[in-house]
Amino acid sequence: MGLAAYCGKRILVGLAMILSVQVIIFLAIQVVPGDPVEAMMSEAAHVGADVIEVMRQQFGLDQPMPVRLWRHMVGLLSLDFGTSFQYTQPASDIIASRLAVSIELVLLASFFGIAGGVLIGSASVQNRLGEHVFSFFGPIILSIPGYVMGSILILAVPLSLGWLPAGGMAPFSDPIAHMRALILPIVTLALPIAATIAKVTRFEILEVRSQDWVRTSRAYGFPTRVTFRRDILRNALTPVLTISALELGGLIGATVLVEKVFNLPGLGSLLVQAVNMRDYPLIQGAVFVISTFYITINIVADIMYGFLDPRVSKR
Amino acid sequence: MKRLSVMKIHRRTLLTGALGMAAAMATFVPGGAYAADQILKFGLSANVGNLVYGPSRGAAQFIVNQQIHRGLVKFDENGTLVPALAESFKAIDSSTYSFTLREGLKFHDGSPIEASTVKASLEYLADKKVGAAIYSALSTLESIETPDERTLIVKLSKPNASFLEYMADPNAGISPAAALATGAANWIGAGPFKLRTNENGVSLDLVKADTYYDKDEVKLDGVKFVFYPDSSARTNALLAGDVDVIDFVGWEDFERVEAAGNLVLDAVPGPFVYTMFNIKRAPFDNPKVRQAIAHAIKPENVVAVAFYGHGTPLNGIPMSPNNDRYDPSMGKLWGYDPAKARALLTEAGVADGLKIKLLTSSTYSFFRDMALSMQADLKAVGIDAELDAPDWATYTSQKASGGYDLAVGGGAPSVAGPVYLQAYVVGAPASSFGSYGYDASAIVAHIQAGEAQSDNATARAEYLKAVQIVGEDVPFLPLAQRSQAYAYSDRVEGFKNVPGFLSITGTGYMIEKASIR
């Protein structure tokens, strides 16, 4: 099978998965108890059953489920998820603004986490101090949950030292405030990624270093740096790539606790709130974006193996 | 290996540099330079989406509504009704009101507000399809006459002594014609501030509106609402000086705020929590069993467990003593007395091994904690309560369909007069706040009779008859009034938490009185 056919197959399977997720979520969220209008009106003053019925009609909830599912799938073609019940805005607009925050957070955290992890992992193989630092801090960082780490950082930095905001987001139009708001959440998210990646990198380097092609390369008299970069690191990075893709894909909807601690308007907290209020359009839209992101990252990772290791696409 | 170590130093230098830069950014970028500009930074407890006209979307949206919009009347810092868009108002009789608008009223976009504008707004809210928060008050709207551009005569088909209070509700601002449609955005109003920018899900930037009728009294140049849905994140933002004011301080954070020397914790007895009964099922179809519960549960425990001690235990109907129609006996209906509870259970024939389902929600910790405290008290009188704590949407759906024996509930009435009781005594499904299947016609008749009276003493006598039935029949069981707190920097002046139920619906009106020292 050629590389193109391999990519084509992966993409088709991915599309089928995205659509299946939409149908499953649609059915699941409507089967569980809870009514969006009742949930929303529970905050309102005295509202009788008659008003609730009128609002159900407005939201199209009086239609039979197959009709609603069909409408949803048709809307999906134009990325139209409908109007959010609680926010009375198009769900796609709300998701777009939340997605920007999540993507920025996830990409920056992944970048610093993965780059930092590879550097620390490599360093821990190459010198004693690195090894000690790694073996001491690695397990500690991995064992602290993100929301605890976030709370500790808030206590230490904004509340005790008075540096950086204690949470919240600033618009892109104010880039300095924007970056200041992101520093602590990124550190919180990047630390465990760095620890995981460092661990995998270290393990793989130790593994690859003992291979015979490394010995051959050294025997040819190539400089250590060249051997390390060309023969050790490149081979060691394939599993690191897998882990990175999984970390990155999983992160997009899973930053919810860190979003909560730092009061960031990301996709994770939006989804949790939407589920609580049974805001169907918002749930479908957020799940669509998260599943598409996750599946795409995995397809990209699969295709990249094809490049890094041509044997994969031939299988 | 030597070359490698050189590379490593470079990396380390880079890292150190990056950290240094981050630290430098943190240290040298000044924060809180707004004070001189009189911009109040307000940490708000929920995201506010699009403002739409009519329906209630919770307390955070009330506060924003009160800055953008303005109704005919509003509340002052004591919860008294004062003129707003109407420069004067009077009750012609118990079901007819007249309003005279101020001269030259304008919306933020400069378009005029005349009697016909107000008429269109109120008629829109009186349409059941809108699902307006004040629909119950306007459902009896008979006619609105506009004899001239500045005069309105509102006629109701039934007397409603609280009609004017409803007109001060945060969801009763007068809105332009473009906002009077389902889902239409409603950002142009007649309030003290107008929208400058809306950072979706993050913040709202409001600036002082030069069209506001009372603009000379407004000292702030603007208000920046920043959304902090998480309670401890909100408190942290205040402690760190990121914001000047926060609403809805979490009870667990009261001490943290009080310990900070430069902050004010402004707490008042606010909304209340209560218990509902499923009247359609044994054993709570029997008033004796409901009375037994009223004596079995210790409100002090609810306050201690659910509100960290920050609340007021209730043994009757919660009501502000400032209200003209208040009577102290309304608050003395029951009392903690487990022996009496056991006797009542014996009398009802359910003294042994009564097992019930207690519905609460895991979404709000005080709901869950309140149920836990009740569970212990019920156990002490021999009732085995099994907790059912689903998420909020499941809870509301079970409540509406009677999927419970006992259920906990929360109430934040929008009016302070005794008429508010009606929403809580009328049973579900007719009222989403009431006990499932309760027939409240006897109580409602007395409340309505009270509402028809213009004389407070005569009205009070009718309300007391209604309250007496509540005491005997226990259609719902109020347990505690929770402490509702705002917290703010001591540089903020003129802002104040309005006491009682109006903490939720009236305090938003105080922002226009605030200034920053």
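Helix axes here are lines fitted to C-alpha atoms over the stretch in contact, and angles run from 0 to 180 degrees between N-to-C directions. The model is predicted.

**A helix pair in chain B**

Helix α9 (residues 299–306) of chain B packs against helix α11 (residues 365–380) of chain B. The angle is about 140 degrees, and the axes lie 8 Å apart. Angles over 145 degrees would count as roughly antiparallel; α9(B) and α11(B) are therefore oblique to each other. The crossing of α9(B) past α11(B) is right-handed. The residues in contact are as follows.

| Helix | Residues in the contact |
|---|---|
| α9(B) | Asn301(B), Val302(B), Val305(B), Ala306(B) |
| α11(B) | Phe366(B), Asp369(B), Met370(B), Leu372(B), Ser373(B), Asp377(B) |

By class, this contact of α9(B) with α11(B) has six nonpolar, two polar and two charged residues.

**A covered helix in chain B**

Helix α2 (residues 59–68) of chain B is mostly covered. Ten of its ten residues are buried. Among them are Phe62(B), Ile63(B) and Val64(B), along with Asn65(B), Gln66(B) and Gln67(B). The cover over α2(B) includes strands β1 (39–44), β8 (193–199), β9 (203–208) and β10 (222–227) of chain B. Helix α16 (502–505) of chain B is also part of that cover.

**Between the chains**

The contact takes 58 residues from chain A and 54 residues from chain B. On the chain A side, several helices each supply at least two residues, including α5 (91–126), α8 (175–209) and α10 (224–254). By class, the side of chain A that touches chain B has 32 nonpolar, 17 polar and nine charged residues.

Methods: Residues numbered from 1 in each chain as written. Chains lettered and ligands numbered in written order. Predicted model: local features only at pLDDT ≥ 70, side-chain atom pairs only at ≥ 80, totals over all residues. Helix = DSSP H or I, 4+ residues; strand = E, 2+ residues; numbered from the N terminus. Parallel < 35°, antiparallel > 145°, perpendicular 65-115°, else oblique. Left-handed = near helix turned anticlockwise from the far one by under 90°. Contact = placed C-beta atoms within 7 Å. Nonpolar A, V, L, I, M, F, W, Y, C, P; charged D, E, K, R; others polar. Buried ≥ 20, exposed ≤ 12 C-beta atoms within 10 Å, placed from the backbone.
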